[in-house]
Amino acid sequence: MPTFARTGSGKWHVVGPDGCRYGKRFADDTAPDETVTATDIVAYEPPETPDDGRSGSVSVSLSMGGSSFPRGRTDDQRLVLPAPIEDGDAGLCGSCRSVLDRHQRRRSRIIAGLKLVTTRRDVDWDRVDHDPRRSCDWCRSHESTIYRGLGARVCPACRRLFETPLGEPADDRAPETDRLPETPDQPITPIVFGTTLPEYDPTDLVGSNRPLIKYREKHKYADLVFELERTGHGFAAAGIEAFGDIRADYAERVADDGTHQTDVAIDVGRTPRTVTLEGIRPDDRVDVIERCWEVASDPAYWVPLGWPQQGYIHRRGTDPEIPGDDPVVAEFPRLDTREPSSSVDTDALRSMTEPGRYDRGRSYYERGAVTDLEHVDDVVQATVQGSRPYDVRVTLSDGRYVEGRCSCPDDAVPCKHIVATVLASGDIETAGGDQSLEDVLASASARELRALLQTLADEDVAVRKRIYDELAC
């Protein structure tokens, strides 16, 4: 229930923590001349028909309720400001409007993403009133009324939007089972890449569906990346606020230090699966990681979002348990190595790669971005986590790069993801041994081959489809 205020004939501002500096002052110590409170400032406009991508001509206020709307898209919500603002000459402050627009974009991404991974629609929401206002886990707007459901604390607008067809996936993308994870009730030890910590050895950990902490040194300063994608969660509003408090404390600590000459900033990903703390001095990394450890590891600071459709869980059919039972070094062999194996011809790889791409690929390898690594005969297959996960396949000959392809948009070959994969190729043992694939198949009985094909078809629908395409009469 946002309140808008203004003085004189000036622009309107959102009152409270979501407002600009004028709106915050109205909430603290400045009395406005005029105020107006809205019970609902979000409307949803569904397409005219389920198959029509255009917006409908009728706005449906979420406060009206109802559920018999056509399927919507993720961008069909709009702001409905109170009449004194809409009809007046002054309008809403640009800064406050930008904040409200960001809330809408976050709602769209979170709700659309959730509907791709959960079959739940009729949620039993519990209402809780707060004073002072509390931040919504999905859009991060501040409201005095919060609803608990789906493992999150959300504002009234997010609750109502989830109950509309906003972001409802097409039938071929709708989830068949509920893949929204249960939030653990005990802290989960993170996996740390790029640096060492006292009395910490990630190679002892079992289960790779854990928080990741990535240390990235950049010349004089460094970034710390905290990532929850492998847990199927994002950081709740309380977690983001806790990171913000740590950032503020660290910024205050280095403010009077003449050697620290960059901003200490925090960056939250498009979905809150990733939070990056920027502008850290390398010498302070252990202290800052230890301060952030509780936020990253404590599920009380998490909110379930599901595993992204393009992520490794969905694509590889990986068991989504948290933290899982696979050895961490099996998923991240880089943790057990410190340099590319001597079996990898790094000189040849460097000679055929543009220098900047080689250096970035080396950085990806060193920070453990290469996962799902498989080395069979002369073929290496992996997933490399860049701005999103990319599939890489390369061919080697005696450790020397021959050719490769990557699903990233970079036209250059080898790209940085291919470089990272080649460097990581020596971190695991090569399957195949002395026998060729042809010899193994020739020695297998027809019954063994049929059993193997049946197992592969049961595990991977793409294999099942290919069997039908290739062998069906």
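This is a predicted model: local features need pLDDT of at least 70, side-chain atom pairs count only at pLDDT 80 or more; totals for chains, interfaces and linings use all residues.

1. Helix α5 covers residues 237-254 and helix α6 covers residues 285-297. Their axes cross at roughly 165° and come within 10 Å of each other. Angles over 145 degrees count as roughly antiparallel, so α5 and α6 are assigned to that class. The crossing of α5 past α6 is right-handed.

2. On the α5 side, the contact with α6 is made by Gly 239, Ala 242, Phe 243, Ile 246, Asp 249, Tyr 250 and Arg 253. Helix α6 contributes Asp 287, Val 288, Arg 291, Cys 292, Val 295 and Ala 296. Sorted by class, the contact of α5 with α6 has eight nonpolar residues, four charged and one polar.

3. Helix α13 (residues 446-459) packs against helix α14 (residues 461-471) with the axes 5 Å apart. The angle between α13 and α14 is about 125°, and the two helices are therefore oblique to each other. Here the crossing, α13 past α14, is left-handed.

4. Which residues make the contact of α13 with α14? From α13 they are Leu 453, Leu 456, Ala 457, Asp 458 and Glu 459; from α14 they are Val 461, Val 463, Arg 464 and Ile 467. The contact of α13 with α14 has six nonpolar and three charged residues, and no polar ones.

Key:
Residues are numbered from 1 along each chain as its sequence is written. Side-chain values use heavy atoms; hydrogens and water are left out. Axes are lines fitted to C-alpha atoms, for helices over the stretch in contact, and angles run from 0 to 180 degrees between N-to-C directions. Helices (H or I, at least four residues) and strands (E, at least two) are DSSP runs, numbered from the N terminus. Angles under 35 degrees count as roughly parallel, over 145 as roughly antiparallel, 65 to 115 as roughly perpendicular and the rest as oblique. A crossing is left-handed if the near helix is turned anticlockwise from the far one by less than a right angle, and right-handed if clockwise. Contact means heavy atoms within 4.5 Å. Ala, Val, Leu, Ile, Met, Phe, Trp, Tyr, Cys and Pro count as nonpolar, Asp, Glu, Lys and Arg as charged, and the others, Gly among them, as polar.
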